[in-house]
There are 2 protein chains.
Amino acid sequence: MNPDILKERQNATFDVEKLTNMLDGGPEKTKRRREIESMVLNDPDFKEEDPNFLSRSERYDQAVRKSALMILKLREYGIADPEEIYCYKNLVHPDRPEPLDLHLGMFLPTLLNQATPEQMDRFFMPAWNLEIIGTYAQTEMGHGTHLRGLETTATYDPATQEFVLNSPTISSIKWWPGGLGKTSNHAVVLAQLHTQGNNHGLHAFLVQIRDMKTHLPLPGIVVGDIGPKFGFVEVDNGFLKLENVRIPRDNMLMKYAKVEPDGTYLKPPSAKLTYGTMVFVRSMIVGESARALSKACTIVIRYSAVRHQSEIRAGEPEPQILDYQTQQYKLFPLLATAYAFHFVSQYMKETYHRISGDISGGDFSELPELHALAAGLKAFTTWVTNAGIEVCRMSCGGHGYSHSSALPNIYVDFTPACTYEGENTVMMLQTARYLVKCYRQAKAGQRLSGIVSYLNEADHQSVRPQPVAAGTTGVDINDLASLVEIYKRRAAILIELAAKSIQQELQHKSQEEAWNANAIDLVRASDAHCHYVVVKIFTEKVGQIENAEIHSVLSDLGLLYALHGITNNSGDFLQAGLLRVPQVLQISGRIKQLLSQLRPNAVALVDSFDFNDRKLNSVLGRYDGNVYEHMFEWARRSPLNNTEVHESFHKYLKPLRSKL
Amino acid sequence: MNPDILKERQNATFDVEKLTNMLDGGPEKTKRRREIESMVLNDPDFKEEDPNFLSRSERYDQAVRKSALMILKLREYGIADPEEIYCYKNLVHPDRPEPLDLHLGMFLPTLLNQATPEQMDRFFMPAWNLEIIGTYAQTEMGHGTHLRGLETTATYDPATQEFVLNSPTISSIKWWPGGLGKTSNHAVVLAQLHTQGNNHGLHAFLVQIRDMKTHLPLPGIVVGDIGPKFGFVEVDNGFLKLENVRIPRDNMLMKYAKVEPDGTYLKPPSAKLTYGTMVFVRSMIVGESARALSKACTIVIRYSAVRHQSEIRAGEPEPQILDYQTQQYKLFPLLATAYAFHFVSQYMKETYHRISGDISGGDFSELPELHALAAGLKAFTTWVTNAGIEVCRMSCGGHGYSHSSALPNIYVDFTPACTYEGENTVMMLQTARYLVKCYRQAKAGQRLSGIVSYLNEADHQSVRPQPVAAGTTGVDINDLASLVEIYKRRAAILIELAAKSIQQELQHKSQEEAWNANAIDLVRASDAHCHYVVVKIFTEKVGQIENAEIHSVLSDLGLLYALHGITNNSGDFLQAGLLRVPQVLQISGRIKQLLSQLRPNAVALVDSFDFNDRKLNSVLGRYDGNVYEHMFEWARRSPLNNTEVHESFHKYLKPLRSKL
């Protein structure tokens, strides 16, 4: 073990294992997670070639091999709990998306949720046994987040009792679904349902796209891979063009909406039924944000502990770069953010499970709030994480650009989360729509409950300029509860500002134009609301920690998170009179203190995430800190070093000499 | 041509060609640039396979082929002016780094600057004729920006009149130099010069690393490629381990410093001589920032003009996404930034050329200021551009993740600029060191000149909290000159704050510790200084424009740039009493107006950058706007579509069926 990183671990003030247990949800969960991880780690079948050294086709090939093996082994070991499957999968394909992701994560669940019992009989077991491999084909070349804009049609033909599926335009070609290009032989296709001359909007249809024996595309099906992308290299995101493809009537997923043999359309009982899945997926993405940022922080903080550079005092040995204030200022707020998002993810999962019980009982009352919150927090956490990973990468100096650091891959595999499952700006505006509605209800005298209840107080606040100069505001910058309060008031004020501005514009603009003319402010209001929720949840979680040492260090992290957010948005807080200038200066000083306080625990705080070296797959982030030897060893294995002299020398450079 | 984008061009209020001429530096320059570009575009020898579809080895191979051809053709056409070579090269390898970059951009210039006449005779013509292919080996695995930390040694042996070069540790292995891995047979190696028992610091040595006939590494040389990276795929960035490699005494580049046969060391006349090159390279990087951001803006703004999405008014056709306020707010400030950086780059080139005359005449008086400015502006522009490219990419929806958009490649090839030629945070601190020194000089009564002369007024300003609430400050938010003034005062105040805080800490800390304890504030002060310089230069350039229409639209852009920067840093301006709350609210409103005003000219403003389609190589950024057809066509050419059925189906998926 590198002596620097050993010393860091000896200096930690808390028990790393206890914090790991807390993050996992208890010591039993930690134990079981490690059991599952070691099943993969000790399994020679899962040894892989470093994907960075392979071509795309080879990477796809290796991923399919491992996915097929994984399905076999999960059966063999009897692992069936979704969380445990997820854990196993994330070591088989170390946190990399893979070709069967949509089969497991969307195709099978869609059958479970939307297939009739008869359809379950026909499709589920073949799909479970990977005879049927399916994907979920929703997004088109021209439309993603705006679902009403999707153009694929499914027109019912009562004469043959079939649906006829078509891609009427180029922009209507299905585009992006994972596993669609080469892997799947079936797809759930989302299409506008036309019957008896009416369009009833989007519905799901089960379409076979490849022959079961030869795997060749069926007639009328044009299918393939959409080409190389930023990340997701192992996944065959695909296109699908449908040309008069006929499927039997009972291939429409008809658990809720139905089309009868004569073409009569029967509506589903509630439009809100599909909300649940969206909320679930978006709360999963918040968890992905926490995980990606935790990994990036683990790599950069461990590397910053063993990397020595430059000088603080002339003539003395080069210090660890973790001792530079600028490095701490880049990394520790991100470390705090990783913890914050972890707690938010836990909160959302708990809330989802609590509410989904009510939903299946027919009580949708809490769904709109959770739906709005999930949209906003998905956007908030993915944006912050996206930028944060890059800060971590660039804080590794040149080596952050090498694939041996793993950071480029963490970034490219994470960044699509800002766009898929709801483009972030659209998500923020969706949350804003809910917030403005709530604000108006509160103004109209309705009593709001839940997380937006602070809008009840909206009337007591003033958005008029406040005297910002001298004195204080009664805010205690060392007290998390007091900071939650000003985050809350900032959100309330920004929501009120946006809502009032829309109201004003309505005098000479339509509702829609007034909305668009204030979209910047609406996004800002949503952002402030989400920021408040994150600070609030962090504060509550810290309050629940019983272990004194862990409570102390996480209190510091929480405080750093809250204060750092304030300095980054100090204009808002000053403008609203929530803070005064001397307090803002105090906060800058307090942040510097917190950086120093957290410094001795930085490595222990990332160790607590407990990422196995093989999962990190980063020479910079190695647990033992022996970075440079392994970087040299990795480089020598690079395919360009297979020969001492590259053929291009003989082909181009040597012949050139005679010509010049 | 797509009708939407045609309409955009018809609606422009100014003559695109005239603005292009302005950016090029005159109509003659535009004409010549296009002539050179068309030499490449019409040359069938330079037709290439889309690199996105090739393996790394194939990409390297193709790049070497084109580089070799390029050298031949440049001779054939008699193109010898560096700017024209640069222009030709940037179409041969459409803005992609290539294996000969360091030979042309560093090895040859280093010979020109540091070789003796005798060394020129031996090395220059062979290098010019590509018999000798060289690179510049400075960075090591363990050290980059902090040059004093480099560990490679060159120890003089008077017995044989040779230098013995060694890599004494793993971290001392040369790491990153472009073209070192496979292409070069020589390298300029930077090493600590030891002679007669003394270390005289870094000097440059010419080392042959491969055999001239076989291209095999010479004895004592361990050389190879450092492995796959984020970007720079065509470049064989390499490693070089030296094991008792002996070179003749006269292979040390001895134009300035010298080692005599007996080992006596003679100092160079001035240490500042190497500053000039650094300043030049960093000002080139500012130009790269302008270009990369211009390209990203071109792609996303053209695509946003042809992409229709969602709805502003229910039931009406989907609007162009360029009509959404949130999209304008993401893109137009970046467009303004691209123009700003273009002007800054012009300014730096002019200043460099003006000053370098003085330098060769022995007058170094203006060098420190330019050196400090180049460091800060390199960091400022690359950070902003780095984040800006990603905003552009993510504003293209899902298609920004496809390599067909070109945006992922623009990002990965640009982002290293934040680290190479001086890590950005270190650069900001370097500028801060200069600013604090100037501040102290001004306080001590010295009269400063040049761009830092505003620090002369430092005493008149107060950093005490100002009343921020009501009233105004006399600032005219519609007047660029007035905004330059408050940017200037913000910079002065932040520099003063940091300098005073260091002064205070000196009471109980060493100079170095006090510096490190205020590093966050120092970076912030540098950033404010650079921001001021950019706003100032933009304002001056706008003032020089004679064409009324262009003046009008660039004034709007300049105003948007300045106001947007204020809202992003409103805390600073409020805190310092430079603005009051009602003005900050006014500015938000004014920004919205400017977005609407600029909307009709957005496409024309990116057309003015005049990027040839082949240089952009982006289906989203096509001049004709015909995006979707070409995206489909591109995807179908993807290698994964070479066969309808990927072999992994037969190898893994089909056999699995019998096992489950």
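Chain B touches chain A through 133 residues on chain B and 133 on chain A, contact meaning heavy atoms within 4.5 Å. This is a predicted model, in which local features need pLDDT of at least 70, side-chain atom pairs count only at pLDDT 80 or more, and totals for chains, interfaces and linings use all residues. Residues are numbered from 1 along each chain as its sequence is written, chains are lettered from A in the order in which they are written, and side-chain values use heavy atoms, with hydrogens and water left out.

**Interface**
- Chain B and chain A bury about 11400 Å² between them, 63% of it on carbon and sulfur atoms; this is the accessible area (1.4 Å probe) that two parts lose on being put together, summed over both.
- Six salt bridges are counted between chain B and chain A (a side-chain nitrogen of Lys or Arg within 4 Å of a carboxyl oxygen of Asp or Glu).
- One of them joins Asp521(B) to Lys592(A), with the closest N and O atoms 2.4 Å apart.
- On chain B, the side that touches chain A has 60 nonpolar, 40 polar and 33 charged residues; Ala, Val, Leu, Ile, Met, Phe, Trp, Tyr, Cys and Pro count as nonpolar, Asp, Glu, Lys and Arg as charged, and the others, Gly among them, as polar.

- The same surface serves both copies, as 100% of the contact residues of chain B recur in chain A.
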